[in-house]
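This report describes one protein model for a reader who has not seen it before. Please look over the sequence and the structure before reading on.

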Amino acid sequence: MSAPPRDYSRLAIARKAQNPKQRFLSRPLCILPVLRRGYRGDSPSDSGRDLLEIPLPPWQCRPQEPLETKRARLLYESRKRGMLENCLLLSFFAKENLNRMNERQLDLYDRLINEPSNDWDIYYWATEAKPVPEVFQNEVMEMLREFTKNKNREQRLQQPDLE
């Protein structure tokens with residue numbers, strides 16, 4: 001037994017009578033496949049072929065750089081990270097600690113913020129969400145981890161002013 005034929009002219013007139021919002025909601029939804037971009041995680045089935053890794057130049061120590069120039073550069077690099085979490089964390093850390101650091105500590109901090117190619121790694125190490133690689137396990141990392149705990153409960157909602 002077949003369905004009775006539909007009168008499509010009446011259906012079109014009825015649709016025009018509806019307001020635009022109702023008309024939109026009454027249409028069938030087309031479900032398209034969702035395309036994902038970016039980092040896909042560490043799943044075992046992930047081939048990694050879809051990731052684009054931009055090679056960065058290797059970090060180089062700058063032994064001839066004057067201390068004041070190094071402090072100014074590190075302050076700038078601490079503020080301009082590319083992700084808000086590290087901009088806030090490192091800019092406050094730099095403001096509080098750079099002027100007290102000796103040359104060796106400044107070199108360690110320079111290496112910490114400039115050698116890893118992924119800023120999320122620095123964030124996870126500082127917040128103790130992931131273990132720190134041996135090469136970055138030093139007194140500056142301990143200072144950063146202690147600072148990250150924010151024991152004084154300071155509000156760190158925007159970068160500190162430059163002085």
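Does aspartate 107 count as buried or exposed, and at what relative accessibility? Aspartate 107 counts as buried because its relative accessibility is 18%, where buried means under 20% relative accessible area, exposed over 50% and partly exposed in between (1.4 Å probe, protein chains only).

## Basis of the model

The model is predicted: local features need pLDDT of at least 70, side-chain atom pairs count only at pLDDT 80 or more, and totals for chains, interfaces and linings use all residues. Residues are numbered from 1 along each chain as its sequence is written, and side-chain values use heavy atoms, with hydrogens and water left out.

## Overall make-up

The protein has seven helices and zero strands. Helices (H or I, at least four residues) and strands (E, at least two) are DSSP runs, numbered from the N terminus. From that terminus on, the order of elements is α-α-α-α-α-α-α.

The protein has 163 residues, and 29% of them count as buried. Contact means heavy atoms within 4.5 Å. Among contacts between residues at least 6 apart in sequence, 60% join residues at least 24 apart.

## Helix α3

Helix α3 covers residues 67-79, and its 13 residues should span 18 Å at 1.5 Å a residue; the end C-alpha atoms are 18 Å apart, which agrees. The expected span of a helix is 1.5 Å times one less than its number of residues.

Lys70, Arg71, Arg73, Leu74, Glu77, Ser78 and Arg79 are the buried residues of α3. Their cover includes α4 (84-97) and α5 (103-114).

## Helix α5

Helix α5 has twelve residues. From its first C-alpha to its last, α5 reaches 16 Å, close to the 16 Å expected at 1.5 Å a residue. Its buried residues are Gln105, Leu106, Asp107, Tyr109, Asp110, Leu112 and Ile113, and they pack against α3, α4, α6 and α7.

Aspartate 107, the residue of the opening question, is placed in α5. Neighbours within four places in sequence aside, aspartate 107 is in contact with Trp59, Cys61 and Lys70.

## The contact of α5 with α7

Two packed helices are described by the angle between their axes and the distance between the axes. The axes of α5 and α7 come within 9 Å and cross at roughly 70°. Axes are lines fitted to C-alpha atoms, for helices over the stretch in contact, and angles run from 0 to 180 degrees between N-to-C directions. The two helices α5 and α7 are therefore roughly perpendicular to each other; angles under 35 degrees count as roughly parallel, over 145 as roughly antiparallel, 65 to 115 as roughly perpendicular and the rest as oblique. On the α5 side the contact is made by Arg104, Gln105, Leu108, Tyr109 and Leu112, and on the α7 side by Glu139, Val140, Met141, Met143 and Leu144.

Glutamate 139 is found in α7 and counts as partly exposed, at 34% relative accessibility. Leaving aside neighbours within four places in sequence, glutamate 139 is in contact with Arg104, Gln105 and Leu108. Glutamate 139 and glutamine 105 are 34 residues apart in sequence, and their C-alpha atoms are 7.8 Å apart in space.

## The nonpolar core

In soluble globular proteins, nonpolar side chains tend to be buried together. A nonpolar core is a set of buried Ala, Val, Leu, Ile, Met, Phe, Trp, Tyr and Cys residues joined through side-chain atoms within 4.5 Å. The largest such core here has 21 residues, and those with the most contacts inside it are Leu98, Met101, Tyr109, Leu112, Trp125 and Leu144. At least two residues of this core come from each of α4, α5, α6 (119-126) and α7 (139-148). Helix α4 gives the most to this core, with five residues.

Leucine 98 touches Arg71, Leu74, Leu75, Phe93, Leu106 and Tyr109, not counting residues up to four places away in sequence. Leucine 90 lies in α4 and counts as buried, at 0% relative accessibility. With residues up to four places away in sequence not counted, leucine 90 touches Ser78, Arg81, Tyr109, Ile113 and Leu144. The C-alpha atoms of leucine 90 and threonine 148 are separated by 9.3 Å, while the two residues are 58 residues apart along the chain.

## A loop residue with positive phi

Most residues other than glycine have a negative phi, and most peptide bonds are trans. Glutamate 128 is not a glycine, yet has a positive phi of about 65°. Glutamate 128 is placed in the loop between α6 and α7, and is partly exposed, with a relative accessible area of 43%.
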